[in-house]
Amino acid sequence: MALPEERFPFLSGRSDQAFFADRADRPLTTRGVTEADLPELLRVDREVFPDEPYPYFVLRQHYDVHGDGIFVLDDGESLQGYVLFATTSDGGVCWVLSLAVAPGQRGRGLGRRLMLEVLRQLRGEAVHEVRLTVEPANAAAIMLYRSLGFWSEEGVRRDHLGPGEDRIVMRMGL
């Protein structure tokens with residue numbers, strides 16, 4: 001099976017290059033997060049996950065511990081999305097902890113672009129598997145992950161993230 005970058009070659013450029021323009025014709029760039037981005041990261045997280053956003057201190061701790069595992073979509077004025085991922089201590093498995101694209105930017109392939117950047121980076125490391133969880137009702141995310149090569153053989157895990165927090169655990173070998 002072809003790697004996602006091979007199936008979507010138009011998206012496999014360098015991460016520091018602009019790849020889409022937003023609706024105001026500002027170029028969107030994928031780049032690593034900086035400390036100055038934390039307020040904007042919080043804003044995007046609250047827009048995308050209004051019922052359960054990460055508290056600021058959690059985003060701060062992720063930045064401090066896994067700062068190289070956060071990519072953002074930057075239009076030069078504000079952030080339009082992010083992906084947060086962390087590798088296990090043995091370096092063999094990476095978990096995608098959160099993927100978010102601002103509501104006004106959805107449906108444009110930006111989540112795919114963020115995920116492809118994560119997969120590109122992880123292929124250069126000793127990571128052999130990528131895992132993530134997704135809400136069973138989030139059909140768009142499930143379709144995105146499947147199109148990239150993720151799969152699940154377990155079905156829905158009841159109460160995976162606590163009471164009433166069902167998730168599908170998906171994985172992809174690298």
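**Exercise 1. Which residues of α2 are buried, and on which side do they lie?**

Step 1. In helix α2, the residues L38, L41, L42, V44, D45 and V48 are buried. Buried means under 20% relative accessible area, with a 1.4 Å probe and protein chains only. Helices are DSSP runs of H or I with at least four residues, and strands are runs of E with at least two, numbered from the N terminus.

Step 2. These residues cover an arc of only 165 degrees around the axis, so they sit on the same side of α2. The arc is taken from the directions from the helix axis to the C-beta atoms.

Step 3. Their cover includes α3 (56–66), β3 (70–74), β4 (79–87) and β5.

This is a predicted model: local features need pLDDT of at least 70, side-chain atom pairs count only at pLDDT 80 or more, and totals for chains, interfaces and linings use all residues. Residues are numbered from 1 along each chain as its sequence is written, and side-chain values use heavy atoms, without hydrogens and water.

**Exercise 2. Is S98 buried or exposed?**

Step 1. Find S98 in strand β5.

Step 2. S98 counts as buried because its relative accessibility is 7%.

**Exercise 3. What does S98 contact?**

Step 1. Leave aside neighbours within four places in sequence; S98 is then in contact (heavy atoms within 4.5 Å) with D45, F49, Y54, Y82, V83 and L84.

Step 2. Look at Y82. Its side chain makes a polar contact with the side chain of S98 at 2.8 Å. A polar contact is a pair of N or O atoms within 3.5 Å; within protein, one must be able to donate a hydrogen and the other to accept it, and residues adjacent in sequence count only if both atoms are side-chain atoms.

Conventions:
Buried < 20%, exposed > 50% of the residue type's maximum accessible area, 1.4 Å probe, protein only.
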